[in-house]
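Reader: I have a new model open and would like to go through it. Can we take it piece by piece?

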Amino acid sequence: MLLNQGDGTFAAKTDFVVPGNPSSVAVIDLNGDTYNDVAVSNQITLGCISVFLGNGDGTLQARVDYSAAANPVAMRVADIDADGKPDVIVAGTGINFFKGLGDGTFAPAVQLLAGGLYGNSVTVGDLNGDSKIDLAVTLNSRLTTLFGNGDGTFQSHQVWNTGAPDLSVGMGDFNGDGLNDLAETHYSHNNVAVLLNLGGGNFGPPATFPSGVGPKSLMIVDIDGDGHQDMVCVNVTSYTVGILRGQGNGTFHPHIGYLTGASPYVDALGDLDGNDSLDVATANQSSGTVSVLLQGIGAAPGAVISITASPVSDRYARLLWTTPMVESYGPATHYDMRLALGTMTAGTFASATPVSPGPSVGPGGTAASFVLSGLSPATTYSVALTATDAFGRTSPLSDIETFTTAASDLIPPAQLSLYAGYIGNDYCVLRWTAPGDDGLLGTAVSYDLRMSTTPITDDLTFAAATPIPTIAPKVSGLPEELLITGLTDGTTYYFAITASDEVPLTSIRSSTVTVTTDVGDTIAPATITTLSVIASTPTSFTVRWTAKGDDYSYGQATSYDLRWSNGPLDGVTFYTVGIQVAGLPVPTPAGTIQEMLVTGLTPQTTYQVALASSDEVPNTSAISNVVVLTTPEGTAPAAISNLAVSSPTSTTLQLTWTAPGDDGTTGTATSYDVRYSTTPITDNTTFAAATAVTGVTAPQIAGSVEQLTLTGLVASTTYYVAIRTRDEVPNTSALSNAISGTTTATPGGSGSGGGSSGGGACGLGSGLTTWLLLSGFLLLCVARASRP
């Protein structure tokens, strides 16, 4: 254990012995004495967890061991059974549940899953909106969920297809809809898969984001303080921590890699130097070291050197340079490139014209290029740039490159390299790379693609061939693809292509491509892999997918076959037990989005759904990815009818109301949506446009009196407030009675009541306490914050 000295440095380590191979550590108060305690999972054949109770002074009491299934590798602490006492969940050979007794001791382990299932990672949280703790686990390298019953027991597990073997799982709200989404590291694919929560315990198809080489462990946190959940990924192969900053809509900025020691195994997060920003520490298995990455510490990126313009035409110039080298904790994130007529100096760089959009930043030390377009012929320009990192530190100015454009356009587009892709009985796919306007610079104006049933050997036979309608050229270097239809079975065709610019100057004719079509249609449509549930009610659900083609992913299929079952669906049971859905839409062209509403279902019932498509023969695809969903219950919370305001000050208003239930006026709802505005809230439209109040406490049992203080308001202002209530589905109540209240003119003055306003965000801090493993020992990093 290394105690933090408050400035990002640590005192000498203190060792605490465990039975062997410590694999996961949790730090939390286990016995209610306000001191942090330690729980360790030991990855040994006779598995166990070890508990050290803390004394509050950096020392620990004697170790107590509890038997677990073999090789426990991952652990989480949470109040699983809702009795107010922390419990322990351990993943290894099966899943073990240790019920906490509240005094730092635990009941014997209960095996939740066995039967040859091995868990690599586990995380906990509410996944289906019922306010009960659920589990997300990687079992046998497959993402698996277990929905909790709130008493320490769990429903049957469900397996989700993420497209690759899974290693580590994380949970967080990535798109701001109030539902926990899931993320999984794909070690062999060097990416992280994100599955967005659709509600009711259902998840959409995986979207993958590159993370670095060999992603192992994963943590979900708002590391940059922008209110969006980010992903912090330890990459054991590339010796980096990959930061994927969330954009708040379920997508992420490109990852930024930060160098660590050799083979980082786990990471920890906390404010290690007291500057109110989260820092990262990793335990490095091979080097036996700890790497500490402090936010905002380090040097700026180096200057770009040797920037050159080559080649240069009348309207384009390609710039070449080497990306600046950067420190592991301060990579460059963007360039500021500026262009000036004539000459430029360091003193005139700031007044030069910014190039927008400008170049993107690659890894340090690599070759970079960027094409300047829209230049004037026979004109002298100067260009230079700086690089800035994520902390706003800017490099010195690069070399200043001065060049002069050509007087006129004498350069035709570059020659194209044409080749054939898929070939069917009545179609083929042609592919090439877009040339430029001037050689490989810029964008050409048009293509001339021609086809013949006799060989195209020279410009005369090319001119005699049949022109084919084609596409507008893309920017130089981008891939082009064109589907040619209406061909004849078993026939040989010849294709060639040229490109022209605005003069027009025409490229050299491409080499001729020979295509012989198939005899008969034997190719089935491609398998649909994007089937997902986008909405569900107690008696229906809506599925969405991307259409595939007639042959592979080209053309247009002829029909769909959508089926559901209450049991597992596969290539056999889809046809033997699946219930066929009538009234399916006609397939649209490949790549378009289609939807289907399925009705006549039963509330609170689990269904599996899959889809196949056929062409005109019919050749039929394999069945799609299988989607599992559970229809929600049917009753929404009752509308609040007695919302009232009282005790106004110059900056606050006090709200009170009676809690509705989960189902009408019974049970306990899941969440409140409180909103305020300075204009009246009269319906759902004006409610949606109002400002949402954050940090609202979860509902109490139906009939309880609820209170909320709105803060951060403006003096002498009338605010309008309303509330909607959600259950775990989420079913949403009707709008409450809408009220208004007016803040006082000065602090402590009187103001009008009879209404209310919802305002300021509730600040929320958290105690961040994380342990790391270091050559068999433990590292403790603690950052404390308080909740006002």
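Reader: What area is buried between domain 1 and domain 2?

Author: This is a predicted model. In it, about 540 Å² is buried between domain 1 and domain 2, and carbon and sulfur atoms give 52% of that.

Reader: Why quote an area at all?

Author: The accessible area lost when parts come together is often used to give the size of an interface.

Reader: How many salt bridges does the structure hold?

Author: There are 15 in the structure.

Reader: Let's look at Arg563. Which residue is its partner?

Author: Arg563 forms a salt bridge with Asp561, and the N to O distance is 3.0 Å.

Reader: Are those two buried or exposed?

Author: Arg563 has a relative accessible area of 12%, and it counts as buried because the cut-off is under 20%. Asp561 is buried as well, at 13%.

Reader: What about Lys13, what does it pair with?

Author: Lys13 forms a salt bridge with Asp15, and their closest N and O atoms are 3.0 Å apart. Lys13 is partly exposed at 46% relative accessibility, and Asp15 is partly exposed at 37%.

Reader: And Asp336, which residue does it bridge to?

Author: Asp336 bridges to Arg338, with the closest N and O atoms 3.2 Å apart. Here Asp336 is partly exposed at 24%, whereas Arg338 is buried at 16%.

Reader: Change of topic: sheets. What is the strand order in the one with S50?

Author: The order is S48-S47-S50-S51, an open sheet of four strands with antiparallel pairing. Strand S48 (691–692) and strand S51 (739–742) each have a single partner strand, so one side of each has no neighbour in the sheet.

Reader: How many bridges pair S50 with S51?

Author: Strand S50, residues 718–726, pairs with S51 over four bridges in the antiparallel sense. Thr718 is opposite Thr742 of S51.

Reader: There is a sheet with S17 in it too. What is its order?

Author: That open sheet of four strands runs S17-S18-S19-S20, again with antiparallel pairing. Its edge strands are S17 (215–221) and S20 (256–259), each pairing on one side only. On average, neighbouring strands of this sheet are turned by 20 degrees against each other, direction ignored.

Reader: What joins S18 to S19?

Author: Five bridges join strand S18 (residues 230–235) to strand S19 (residues 240–244), and the two run antiparallel. Along this pair, Met231 stands opposite Leu244 of S19.

Conventions
Residues numbered from 1 in each chain as written. Predicted model: local features only at pLDDT ≥ 70, side-chain atom pairs only at ≥ 80, totals over all residues. Heavy atoms only, no water. Pairing = 2+ DSSP bridges. Axes fitted to C-alpha atoms, helices over the stretch in contact; angles between N-to-C directions. Salt bridge = Lys/Arg side-chain N within 4 Å of Asp/Glu carboxyl O. Buried < 20%, exposed > 50% of the residue type's maximum accessible area, 1.4 Å probe, protein only. Buried area = accessible area lost by both parts, 1.4 Å probe.
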